[in-house]
Amino acid sequence: SVTKLSEMAGVDLIFEDVQQLIFGNIVLPEDQNFAFAREGDNYKVSFTSGNWSFEYVLDAFRLQIQKALVSDDSGKTMRIVFSEYKKAVSGPELPHIREIYFPEKPGTEGVIRLDFSELEVDVAKELKFVVPSHYHEFE
C-alpha cells in the first residue's frame, strides 16, 4: 500500500505522487529555475519544487529518460531507473522496465521492479457492465 511505502521510505507520499513516479510521468519545473548540463552521452536536468529536489538523466541522442532522482528536504533520495525502451502497441517508445529504489533503514535500500510485457497509450477499451436483474432503479 502507499501507506506502507510511506512508512518504509520515511516520507509522506500520496497515491497520485506514487502513480506519477512509477509510470514515468515526470514532474516539470514550476518556473524557469532549473539547471541543464551535458555530461558525456547524457543530459542532466535538475530543479527544486516545493520540498522536493529532482534530477533527470536523459540519453543525449534519443532524449529518453534513463534515471530520475527525487530527494526530500531531509536528504532521503528515491532513484527510478527506466530501461528496455520498446515501441508501445499504440504510441511512442516507452520504458518497459522501471526499477524504483528507496531508502528503508539506514544503510539498506528497497526496490520495486515493474516489468511490462506490453504497453498501450490512449486506447479506448470497451467495458461490459450488466446490472443484475434483482436490482431496482431509484426514482
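**Questions on a predicted protein model**

Reader: At 35% relative accessibility, does E104 count as buried, exposed or partly exposed?
Author: Buried means under 20% relative accessible area and exposed means over 50%, with partly exposed in between (1.4 Å probe, protein chains only). The relative accessibility of E104 is 35%, so the class of this residue is partly exposed.

Reader: What kind of model is this, and from which number are residues counted along each chain?
Author: The model is predicted: local features need pLDDT of at least 70, side-chain atom pairs count only at pLDDT 80 or more, and totals for chains, interfaces and linings use all residues. Side-chain values use heavy atoms, with hydrogens and water left out, and residues are numbered along each chain, as its sequence is written, from 1.

Reader: Which pattern does the protein follow along the sequence?
Author: Helices (H or I, at least four residues) and strands (E, at least two) are DSSP runs numbered from the N terminus. The protein has two helices and seven strands. Read along the sequence, their pattern is α-α-β-β-β-β-β-β-β.

Reader: Where is E104 placed, and what separates its C-alpha atom from that of K76?
Author: E104 lies in the loop between β6 and β7. K76 is 28 residues apart from E104 along the chain. The separation of the C-alpha atoms of E104 and K76 is 9.7 Å.

Reader: Of the 139 residues in the protein, what percentage is buried, and how many residues make up the largest nonpolar core?
Author: Buried residues come to 29% of the 139 residues. A nonpolar core is a set of buried Ala, Val, Leu, Ile, Met, Phe, Trp, Tyr and Cys residues joined through side-chain atoms within 4.5 Å. In soluble globular proteins, nonpolar side chains tend to be buried together. Here the largest nonpolar core includes F47, F54, Y56, I65, M78 and F102, and its residues number 12 in all.

Reader: What is the angle between the ring planes of F47 and Y56?
Author: Rings of Phe, Tyr and Trp (its six-membered ring) pair if their centres lie within 6.5 Å; planes under 30 degrees apart count as stacked, over 60 as edge-to-face and the rest as tilted. The count by this rule is four aromatic pairs. F47 and Y56 are both buried, and ring pairs link F47, F54 and Y56 into a cluster. The pair of F47 and Y56 is tilted, at 6.0 Å centre to centre, and the angle between the planes is 50 degrees.

Reader: Over which rings do the charged ends of R38 and R79 sit?
Author: A charge sits over a ring if NZ of Lys or CZ of Arg is within 6 Å of the ring centre and within 35 degrees of the ring normal. For R38 the distance to the ring centre is 5.5 Å, and the ring is that of F61. For R79 the distance is 4.1 Å, and the ring is that of Y101.
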